[in-house]
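User: Hi, I am new to this and would like to go through a structure step by step. Could you show it to me before we start?

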Amino acid sequence: MSKKLKAVIIGPGNIGTDLLMKIMRSDWVELVWMVGIDPDSAGLKRAAELGIKISTSGVDGMLDKVIEDDIRIAFDATSAYVHAENSRKLNEFGVIMIDLTPAAIGPYCIPPVNLKQHAEKLEMNVNMVTCGGQATIPMVAAVSQVQEVEYGEIIATVSSRSVGPGTRQNIDEFTRTTSGAVEKVGGAKKGKAIIVINPAEPPLMMRDTIHCLTKETPDQAKITESVHNMVKEVQKYVPGYKLVNGPVFDGNKVSIFMEVKGLGDFLPDYAGNLDIMTAAALRTAEMFAEETYNQTIKLPARA
Amino acid sequence: MDLKGKKVTLHDMSLRDGMHAKRHQISIEQMIAVATGLDEAGIPLIEVTHGDGLGGASLNYGFPAHTDEEYLNAVVPKMKNAKVSALLLPGIGTVDHLKMARDCGVHTIRVATHCTEADVSEQHIGMAAKMQLDTVGFLMMAHMVSAEKILEQAKLMESYGANCIYCTDSAGFMLPDEVTQKISLLRAELNPATELGFHGHHNMGMAIANSLAAVDAGANRIDGSVAGLGAGAGNTPLEVFVAVLDRMQAIHGVDLYKIMDVAEDLVVPLMDHPIRVDRDALTLGYAGVYSSFLLFAQRAEAKYGIQARDILVELGRRGTVGGQEDMIEDLALTMAKEKGLI
């Protein structure tokens, strides 16, 4: 039996295509299907050239092949509006859904913080929060793992070119989802998220600032160590995740300044915000595959 | 320039843009006193919000003395004639804040985006228009792009439901010719029913001249703040602008002596520092940098020993936009490391 889990990508846009290129290198995930709804999609053409099966009628175009092709993982890179239906249809066949949309039906997943728990529980739908969340919540967690964080605030600055129409039309969703996950996954009692879009040319690298207010005086040595360790954890799947400055301590305020350089697979390297989403999603799928291979979890039975 | 008989609606910024200069620490009593004075002087529209708009309360921009809701609930019921507006920057505030402001009784919502990113304002402008509020699209840092680009972005905001579009000189960089060019193109190409506004900063000493150029080119709403209380070297000082409009026989509806008195008796005494074109504020204008960066750069200078002026020039070179206050400490740290100061 191959250790690789077979997968489908739903949505052949920028995110889906970048994910496709990353999966091609994976030791744990094998891409079998890529589905979309636009017959002229460049992403679907690219997939077809790579020998991936494609459908232009969305998830419905491959549902009858799920069992036959032994599809175990689905990545949804469409939109919040259609995610719930996609998830329902595929979960029915025992496919684990990794949600890259803001729908967030399932629990938030920030790989170095809580992925292992999700995998061990065999969560059938996990949500990848937002790009800003993937880039910053590990740092909030690094502080809250040392001591209580009363308030966590993140500011994500991204290049205009890397922000697609979906995010633009519903930018409130970014602020809400990210601040919610700063609390639920980051461990801050109260969370706040801010996004700034910058149109400079050449495009600026994604940068993120994380501020935490600790309840008691911050233990500078322990927090610094925890932050450095967490940076290394994220670098395992996003090598361009870089601590630029900090942690800086000012009273009970801890400030951390990050830069996220993408791998430049499909999206240019300045789009670290998109890269960290696709890398985190793939990391999530790989963890499920590893746990399955190690027999820590058992995938839903199939006849 | 002939502005005789032209109608100008003056919009006071001292209790919103002025919050930057006060590190968002204006008290409720001060808010009420200034707003009441402005109302009595005949100012028709007064903005009351955190300096960075609804939801701006944060470590990044500064926690205010009171919440937006507290300020609005204190000021709105005291107004006899004046209406109250609130600012909202998508990415910082959300439609939830917008609904809160509506419930507090604001008349005008101004949705602000960087001058190239108008498409993040669709849900907020749409919601404000649907709630039948006076809905303004506010294009910030308008000096960074061409008049044609401003027009393209203004048309987006107009299509979402804005009934007024602002050309906003957030950095106080523009000279009058640029204002004329941008406002003229907007006036020629937008729906004739769409109002036009101009928001200036005095960093290059041009706020009055720029505001006049805007009116001459077809803008009918002009932002200013009493005694100039605003970010950087402040906004167009309203009492001065009123006197100039008087001399030019434009119609503004404001009592000059009363607004002079509000400036002198109420606003100047509450300033933490003189609002003037000092070398750092001048650098904002000269380098085209967002005015509210001023105090952050000065604090970084005090903390890390890098001149505020050098930080601001570098921020300008990097093309930073409004809202990137977090970049200032980050950059100061990097510059201090390079110089071996830390």
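This is a predicted model: local features need pLDDT of at least 70, side-chain atom pairs count only at pLDDT 80 or more; totals for chains, interfaces and linings use all residues.

User: OK, let's start with chain A. Which domains does the assignment give for chain A?

Analyst: Domain 1 covers 5-128 + 278-293, and domain 2 covers 131-269; such bounds come from an automatic or database domain assignment. The centres of domain 1 of chain A and domain 2 of chain A, taken over C-alpha atoms, are separated by 25 Å.

User: How many residues of each domain are in contact?

Analyst: In domain 1 of chain A there are 18 residues in contact with 20 residues of domain 2 of chain A, where contact means that the C-beta atoms of two residues, placed from the backbone, lie within 7 Å. On the domain 1 side, α1 (14-23), α4 (111-120) and α9 (272-293) of chain A each supply at least two residues, and the largest share, five residues, comes from α1(A). Helices (H or I, at least four residues) and strands (E, at least two) are DSSP runs, numbered from the N terminus.

User: And what classes do the residues on that domain 1 side belong to?

Analyst: That side of domain 1 of chain A, which touches domain 2 of chain A, has 11 nonpolar, four polar and three charged residues. Here Ala, Val, Leu, Ile, Met, Phe, Trp, Tyr, Cys and Pro count as nonpolar, Asp, Glu, Lys and Arg as charged, and the others, Gly among them, as polar.

User: What is the strand order in the open sheet of chain A?

Analyst: The open sheet has six strands in the order β3-β2-β1-β4-β5-β6, with parallel pairing, and two strands pair if DSSP finds at least two bridges between them. At the edges stand β3 (53-55) and β6 (125-127) of chain A, each with a single partner strand, so one side of each has no neighbour in the sheet. From one strand to the next the twist averages 25°.

User: Which helix lies across β1, β2 and β4 of chain A?

Analyst: That is α1(A), which runs at about 150° to β2(A); axes are lines fitted to C-alpha atoms, for helices over the stretch in contact, and angles run from 0 to 180 degrees between N-to-C directions. Another helix, α9(A), packs on the sheet and touches β1, β2, β4, β5 (96-99) and β6 of chain A, with its direction making about 155° with that of β1(A).

User: Switching to chain B, is strand β6 of chain B buried or exposed?

Analyst: Five of the five residues of β6(B) (residues 164-168) are buried, so this strand is largely enclosed by the rest of the structure. A residue is buried if 20 or more other C-beta atoms lie within 10 Å of its own, exposed if 12 or fewer, and partly exposed in between, with C-beta atoms placed from the backbone. B:Cys164, B:Tyr166 and B:Thr168 point one way from β6(B), whereas B:Ile165 and B:Cys167 point the other way.

User: What joins β6(B) to β5 of chain B?

Analyst: Four bridges join β6(B) to strand β5 (residues 134-140) of chain B, and the two run parallel; in one pairing, B:Leu139 has B:Cys167 as its bridge partner. Between these strands the chain crosses through helix α6 (residues 147-160) of chain B, and this β-α-β crossover is right-handed, a word used when, with the strands pointing away from the viewer, the path from the first strand over the helix to the second runs clockwise.

User: And how many bridges join β6(B) to β7 of chain B?

Analyst: There are five bridges between β6(B) and strand β7 (residues 195-199) of chain B, which run parallel, and B:Tyr166 has B:Gly197 as its bridge partner in β7(B). The chain crosses to β7(B) through helix α7 (residues 176-189) of chain B, again in a right-handed β-α-β crossover.

User: Last one: how many residues of chain B are in contact with chain A?

Analyst: Chain B has 25 residues in contact with 26 residues of chain A, and α14(B) gives the most to the chain B side, with five residues. By class, that side of chain B has seven nonpolar, 11 polar and seven charged residues.

Technical notes:
Residues are numbered from 1 along each chain as its sequence is written. Chains are lettered from A and ligands numbered from 1 in the order in which they are written.
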